[in-house]
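Hi,

Here is the structure I promised to pass on to you. Have a look at it first, and then read my notes below.

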Amino acid sequence: MKLIIRKEIPEDYRAVERLTREAFWNHYAPGCSEHYLAHILRESEAFVSELDFVAEKDGKIVGNIMYTRAQVRGDDQAVHPVLCFGPVSVLPECQGQGIGTKLIEHTKRVAKGLGFTAIIIYGDPEYYKRVGFVPAEQFSIGTSWGTYAASLLACELEPGALNGCAGMFYEDDIYDLDEQKAEAFDREFEPKEKREGLPSQERLAYLVSQSKPRK
């Protein structure tokens, strides 16, 4: 059946949290907390509900993307509003089918129509370069802790949107998770084995190691 991309509705919430858990389990670290993030994002003032979409296949939700408002605090003291997405999730058995790409491309078009001009995220550049992202360093944009990170990526929805935006990127505070609350939330789901030393975890460690001071 054709993949359907539609807005998330309240009846989807638990299914989205479950698929997010499946998508991220042991990916970046033993276990995961992204499903807890999905759970609390919807109540955040930074959450952009107009960009909360699911991908449905054969009547089953197989993917989701969520956005929040973020900002670049410029070296010139100006504040530049941008978008940030995450988590973007696809069920493991459906990965490699272009579902994540379709969710990103669809929401980029919607975001542009809503008047947003740029997106900045943390992610793997090898994946996100396929959907129009480049290192944020190209725009002299670094992390909130003063580094240029290999995983900090930017995408202009309007050409030139990030010109003159040199500064530091700040996500909303919602991403600073309370790990105890995240673990308590995870206990609402069926137990899963936590593993370490996986290639995806080693890839993250490599990307983190590529950070350098922002001068």
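Let me start with aromatic pairs: two rings of Phe, Tyr or Trp (its six-membered ring) pair if their centres lie within 6.5 Å, and the pair is stacked if the planes are under 30 degrees apart, edge-to-face if over 60, and tilted otherwise. By this rule there are 10 aromatic pairs. One of them joins phenylalanine 24 and tyrosine 28, which is tilted because the ring centres are 6.0 Å apart and the planes meet at 35 degrees. Another is tyrosine 127 with tyrosine 128, an edge-to-face pair because the planes stand at 90 degrees, with the centres 4.8 Å apart.

Before going on, please note that this is a predicted model, in which local features need pLDDT of at least 70 and side-chain atom pairs count only at pLDDT 80 or more, while totals for chains, interfaces and linings use all residues. Residues are numbered from 1 along each chain as its sequence is written, and side-chain values use heavy atoms, leaving out hydrogens and water.

How covered are these rings? A residue is buried under 20% relative accessible area, exposed over 50%, and partly exposed in between (1.4 Å probe, protein chains only). Phenylalanine 24 is buried at 10%, whereas tyrosine 28 is partly exposed at 37%. Tyrosine 127 is partly exposed at 26%, and tyrosine 128 is buried at 10%. Tyr127 and Tyr128 also belong to one aromatic cluster with Tyr67, Phe85 and Phe133.

Arginine 42 has its charged end over tyrosine 13, 3.9 Å from the ring centre. Arginine 73 lies over the face of tyrosine 170, at 3.8 Å from the ring centre.

Finally, the strands (DSSP runs of E, at least two residues, numbered from the N terminus). Strands pair if DSSP finds at least two bridges between them. Strand β3 (residues 60-74) and β4 run antiparallel, joined by 10 bridges. One example is threonine 68, whose bridge partner in β4 is cysteine 84. The two strands form a hairpin with four residues between them, and glutamine 77 in the turn has a positive phi of about 75 degrees. Strand β4 (residues 79-90) has 10 of its 12 residues buried, so it is largely enclosed by the rest of the structure.

Enjoy exploring!

How values were computed. Lys NZ or Arg CZ within 6 Å of the ring centre and 35° of its normal.
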